[in-house]
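Thanks for coming, everyone. I'd like to walk through one structure today. Please have a look at it first.

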Amino acid sequence: MAYIEPKSYPYTDEQIQKRLADYQASDLKFFDFPKAYRFILNCIDLTTLEGSDNAAKVQQLCEKALSFKDDAKQVPTTAAVCVYPPFAAQAKSILKNTNVHVACVAGAFPAGQSPIEIKVAEVAYAVAQGADEIDMVISRGKFLEGDYQTVYNEIAAIKAACGQAHLKVILETGELGTADNIYKASQIAIAAGADFIKTSTGKIKVNATPESFLVMLDAIKAHYEATGVMIGMKPAGGISDAPTAINFLKILENVLGEKWLTNQYFRIGASRLADKILAEI
C-alpha cells in the first residue's frame, strides 16, 4: 500500500474507559476458561531479550516451548520463541519440524536509533539465519516530530528485507503519549506492510495497556472494514498473569471477533505468562 496521511482517532478517553469497563464486565464470548487458557498458551511468543542471553539459555527456552505440549490433556506448545538475531540459527535448529516459530527482534531493537541501512542489514541477517518472524520497532522520534513519511519508508524497507518472514511492527505505545498518536502510528504501520502491529518492546516503564490495545484493535478493524485484509495484533510487556491475559482476550473478542481467535492473527509477547497459564490448565 502507498503512504496516506493517517486519520485521527474517533473516540475520547472517556469513551475508551467506558468500552473497556463494559468488556471487562462481560463474559468470554467464544471460550470457556479451560479452552481460553489453552488458546492463550498457543498464542504466546515465549521471549528472552536480555544482554545476558547465551546459547544455554536459548536452548532452555526452546525446549520449554516444546515441553508444554501434552496431547492427552490437549495442551499446546507456544506459538513461537522470540530471541535476538545471533540466536536465530540455534533456535531454528532446535525447533525444526515443529509448529513453534522463531521470531527475532531486529532493526535496532529496542530504541530504533540506527540508520535504516543498519536496520535493514540486521533484519536480512536474522531472516538468513532462519527467523520466521521479525519484530521491528518504529522510529518514535521521527513519528513524534511528525515525520510520518520516514516512519512509513523505514517500515516498508524492512518489510522488503523480510522476504517470506512475517513482520510485526512495534509502536512502543508508552512513548507515543496519546490515543490519537497510537491510532495514527497503527495506520502507518499497516499501510507500510505490517503483518502484525505490536504494542511494546517490554523495555520501558509503560508497556501493553488495555487502552493502547483497544486503540490498535480499532485501527485493525477500520482497515479490515475498508479493505477486507486482516492484520494481526500482539500486546507485549507486562502481561504476566492469567487474569490480565483473560482481560486482553475479552477486548479482542469484543472488538475484532471470532476471525482473530487464532495465533495467525493474535500473539502475546511474554516471558513469565506461560507458566502461570499452564498452572491454570
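Let's start inside the sheet. Strand β3, residues 101-105, pairs with β4 in the parallel sense, over three bridges. This is a predicted model, so keep that in mind throughout. Look at Cys 104. Its bridge partner in β4 is Ile 134.

Stay with β4. How many of its five residues are buried? Five of five, so β4, residues 133-137, is mostly covered. Now the side chains. Glu 133, Asp 135 and Val 137 point one way from β4. Ile 134 and Met 136 point the other way.

Now zoom out. What is the strand order of the sheet? From one end to the other, the order is β7-β6-β5-β4-β3-β2-β1-β8. That makes eight strands in an open sheet, with parallel pairing. The edge strands are β7, residues 232-234, and β8, residues 268-270. Each of those two pairs on one side only. From one strand to the next, the twist averages 25°.

Next, β1. This strand covers residues 44-47, and it pairs with β8 in the parallel sense over three bridges. On its other pairing, β1 meets strand β2, residues 80-83. That pairing is parallel as well, again over three bridges. 

Which residues stand opposite each other here? Ile 44 stands opposite Ile 268 in β8. Leu 46 stands opposite Ala 270 in β8. Leu 46 also stands opposite Val 81 in β2. So much for the pairing; now the side chains of β1. Ile 44 and Leu 46 point one way. Asp 45 and Thr 47 point the other way. Are these four buried or exposed? All are buried.

On to the helices. Helix α9, residues 210-227, lies across β6 and β7. β6 is residues 196-198. The helix runs at about 170° to β7.

α9 also packs with α10. The two axes come within 10 Å and cross at roughly 25°. How are they oriented, then? With angles under 35 degrees counted as roughly parallel, α9 and α10 are therefore roughly parallel to each other. Their crossing is right-handed. From α9, the contact uses Pro 210, Phe 213, Leu 214, Leu 217, Asp 218 and Lys 221. From α10, it uses Asn 247, Phe 248, Ile 251, Leu 252 and Val 255. By class, that is eight nonpolar, one polar and two charged residues.

Helix α7, residues 148-162, packs with helix α8, residues 179-191. The angle is about 40°, and the axes are 8 Å apart. α7 and α8 are therefore oblique to each other. α7 passes α8 in a right-handed crossing. Which residues make the contact? On α7, they are Tyr 148, Val 151, Tyr 152 and Ile 155. On α8, they are Lys 184, Ile 188, Ala 189 and Ala 191. The classes are seven nonpolar, no polar and one charged.

Last, two loop residues. First, Ser 240, in the loop between β7 and α10, with α10 spanning 242-255. Buried or exposed? Its relative accessible area is 16%. The cut-off for buried is under 20%, so Ser 240 counts as buried. What does Ser 240 touch, leaving aside its neighbours within four places in sequence? Arg 272, Leu 273 and Lys 276.

Then Tyr 265, in the loop between α10 and β8. Its relative accessible area is 24%, so Tyr 265 is partly exposed. Which residues does Tyr 265 contact, again leaving aside neighbours within four places in sequence? Phe 196, Met 230, Ile 231, Gly 232, Met 233, Lys 259 and Trp 260. There is also a C-alpha separation to note. Tyr 265 and Asp 195 are 70 residues apart along the chain. Their C-alpha atoms are separated by 8.6 Å.

To recap. The sheet is open, with eight strands and parallel pairing. α9 and α10 are roughly parallel, while α7 and α8 are oblique. Ser 240 is buried, and Tyr 265 is partly exposed. That's it from me.

Notes. Residues are numbered from 1 along each chain as its sequence is written. This is a predicted model: local features need pLDDT of at least 70, side-chain atom pairs count only at pLDDT 80 or more; totals for chains, interfaces and linings use all residues. Side-chain values use heavy atoms; hydrogens and water are left out. Axes are lines fitted to C-alpha atoms, for helices over the stretch in contact, and angles run from 0 to 180 degrees between N-to-C directions. Angles under 35 degrees count as roughly parallel, over 145 as roughly antiparallel, 65 to 115 as roughly perpendicular and the rest as oblique. A crossing is left-handed if the near helix is turned anticlockwise from the far one by less than a right angle, and right-handed if clockwise. Contact means heavy atoms within 4.5 Å. Ala, Val, Leu, Ile, Met, Phe, Trp, Tyr, Cys and Pro count as nonpolar, Asp, Glu, Lys and Arg as charged, and the others, Gly among them, as polar. Two strands pair if DSSP finds at least two bridges between them. Buried means under 20% relative accessible area, exposed over 50%, partly exposed in between (1.4 Å probe, protein chains only).
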